[in-house]
Amino acid sequence: SDSKITRAQLDRVVLLSKNTITPLQLESHAGAEEQARASDSKVEKDRKIEGLLEILQGRNFLAYPRAIDALKNLAPEKAVGILAKWLEGDNAQMRVTAAAGLGNLGDESAIGPLSSALGWNDLRTREAAASSLARIGGERAIAVLFQSYFTGNPWIQQAVALAVASHGDEQTQKSLANLITGGQAASTAV
């Protein structure tokens, strides 16, 4: 009858349980097979994520962009967390890679870490952070860029202007041009 669990299904549950998979809730024959497939795909996804995280912990900088892109597709929240952590580190190349990676992710949760990175003394980090904010776009990211422009720091102003000119949409470019030529009175353009 349909309500009985077959030996193959039971063996599958035991095998999965031995591999530290949560035990399957066997509701029906069809449900058990579907749950087993879903569990297999989750295990495979977790293995891929772990492999990508290992690559990102290594020193092969050339592998980072591909690993970040793959992680973006599998687990974007993990990618943002790792890259935000790198953005705080002492290695300038890692900060630039992290800032660029956060821009490639396009996730608004990266705005805070990128905003902080605009204050680094390293030109490349500032430029990468500003470019990433411009690529992420949206009201919050553009507001951060414009607020940063008004710090009065010419290095930050240069990074923001370059980023908006290179990656900002037409409206953002016009707004920044108004801010530059008109001073703070034009800041309401955002």
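Which residues does S132 touch, not counting residues up to four places away in sequence?

## A buried serine

In this predicted model, S132 touches A99, A100, G103 and L114, where contact means heavy atoms within 4.5 Å. S132 is found in helix α7 (residues 123-136), helices being DSSP runs of H or I with at least four residues, numbered from the N terminus. At 0% relative accessibility S132 counts as buried, a word that stands for under 20% relative accessible area, with exposed meaning over 50% and partly exposed in between (1.4 Å probe, protein chains only).

## Salt bridges between separate parts

The count comes to four salt bridges, each being a side-chain nitrogen of Lys or Arg within 4 Å of a carboxyl oxygen of Asp or Glu. In one of them, D122 pairs with R95, with the closest N and O atoms 3.8 Å apart; D122 lies in the loop between α6 (111-117) and α7 and R95 in helix α5 (residues 92-105), so the pair ties together parts that are 27 residues apart in sequence. R95 is buried, at a relative accessible area of 5%.

Another salt bridge joins R140 and E108 (3.7 Å, N to O).

## A salt bridge within one helix

K174 and E170 also meet through their side chains in a salt bridge of 3.2 Å, N to O, and their four-residue spacing in helix α10 (residues 170-182) separates them by about one helical turn. K174 is partly exposed at 47%, whereas E170 counts as exposed at 56% relative accessibility.

## Basis of the values

Residues are numbered from 1 along each chain as its sequence is written, and side-chain values use heavy atoms, with hydrogens and water left out. Because the model is predicted, local features need pLDDT of at least 70 and side-chain atom pairs count only at pLDDT 80 or more, while totals for chains, interfaces and linings use all residues.

Key
Helices (H or I, at least four residues) and strands (E, at least two) are DSSP runs, numbered from the N terminus.
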